[in-house]
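Here are a few friendly notes to read alongside the structure. Take them one at a time, and look up each residue as you go.

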Amino acid sequence: MMEGRKFAVRLCAKDSDYMKKMMYGGLHGIFVQMLKEDGKTWDAFKVTRGDFPADGEIGEHDGFVITESCSDAHGNDLWIGKLVVLLKKLDAMKEKILGICLDHQQTVFADYQYTEGMKTKSLMVRRACMARLEMTWRDTENNNDCSVYAMRHMETYMEQSVNAWKCNLEKGNVWQMNVLLIKYCGSILSSV
C-alpha cells in the first residue's frame with residue numbers, strides 16, 4: 001500500500017437527519033469509514049452546494065468517488081452541469097473514478113466507450129433514456145439509499161414483469177436498507 005494518498009468524495013445528496021445522527025456523521029463519514037486505510041486522506045466536496053475544487057487542485061487527488069443523488073444527471077441544476085464538466089476533465093486526465101450513481105455511471109461509461117473508439121455504442125448509451133418504474137417499494141422520501149436499491153434490483157431482477165418481481169424490499173424500512181448496505185459494501189470491499 002502506498003502511503004500519503006489523497007482521495008476526494010463528491011457528495012451529490014444531502015444528508016438526512018438520520019444519516020447525520022446515526023451513520024458516522026453523514027455520507028462523507030460512511031465512505032471514510034468503509035474505505036479508510038492508514039496513510040489515506042479523504043476530502044469531501046458538497047457539490048450540491050457548489051463546493052468544487054479549483055482546476056489546480058484536481059491533480060492533488062489520487063482518486064475520486066461520486067456519490068448517489070436523487071437528481072437526474074441530465075438535469076438543469078447548475079451543480080449538475082459543473083459536475084459533468086468535472087467528470088469529463090477527470091476522464092480526460094485518466095483519473096480513477098468510482099461512481100455510486102447510475103446516471104453518473106452512464107455519462108462516464110459513454111465517455112469511456114467514445115475514447116476507446118466505440119463511438120456508435122457511446123452514442124447509444126448517452127441517448128438511452130432511463131425510466132423510473134412504479135414499484136410498490138419505491139420510496140421518494142429516502143434520498144440516501146439509491147445504490148442499495150440498485151444493487152438489490154440487480155441481484156433480484158430476472159426479466160420478469162414489475163408486478164411479478166419480488167425483491168423483498170419494504171418501503172420506509174431503514175433497518176433493511178442498513179443491513180443490505182453492510183452486505184453489499186462488505187462484498188465489494190472483500191472482492192478487491
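Where do R152 and E155 lie, and how many residues apart are they? Both lie in helix α6 (residues 146–156), three residues apart, about one turn of the helix. Helices here are DSSP runs of H or I with at least four residues, strands are runs of E with at least two, and both are numbered from the N terminus.

1. Before you start. This is a predicted model, in which local features need pLDDT of at least 70 and side-chain atom pairs count only at pLDDT 80 or more, while totals for chains, interfaces and linings use all residues. Residues are numbered from 1 along each chain as its sequence is written, and side-chain values use heavy atoms, leaving out hydrogens and water.

2. The salt bridges. A search of the whole structure finds three salt bridges (a side-chain nitrogen of Lys or Arg within 4 Å of a carboxyl oxygen of Asp or Glu). Side chains of opposite charge can pair when their charged atoms come close.

3. A linked trio. R152 and E155 meet through their side chains at 2.7 Å, N to O, and E155 also meets K183 at 3.0 Å. Because E155 lies in helix α6 and K183 in helix α7, this second pair ties together parts that are 28 residues apart in sequence. At 15% relative accessibility R152 counts as buried, whereas K183 is partly exposed at 39% (buried is under 20% relative accessible area, exposed over 50%, partly exposed in between, with a 1.4 Å probe and protein chains only).

4. A pair across the chain. K89 and D55 form a salt bridge at 2.6 Å, N to O. This pair links distant parts of the chain, with K89 in helix α3 and D55 in the loop between β2 (40–46) and β3 (63–66), 34 residues apart. D55 is exposed at 54%, and K89 is partly exposed at 33%.

5. Helix α3. Its buried residues include W79, I80, L83 and L90.

6. Cysteines. The structure holds zero disulfides (a disulfide being a pair of cysteine sulfur atoms within 2.5 Å). C167 is buried, with a relative accessible area of 1%.
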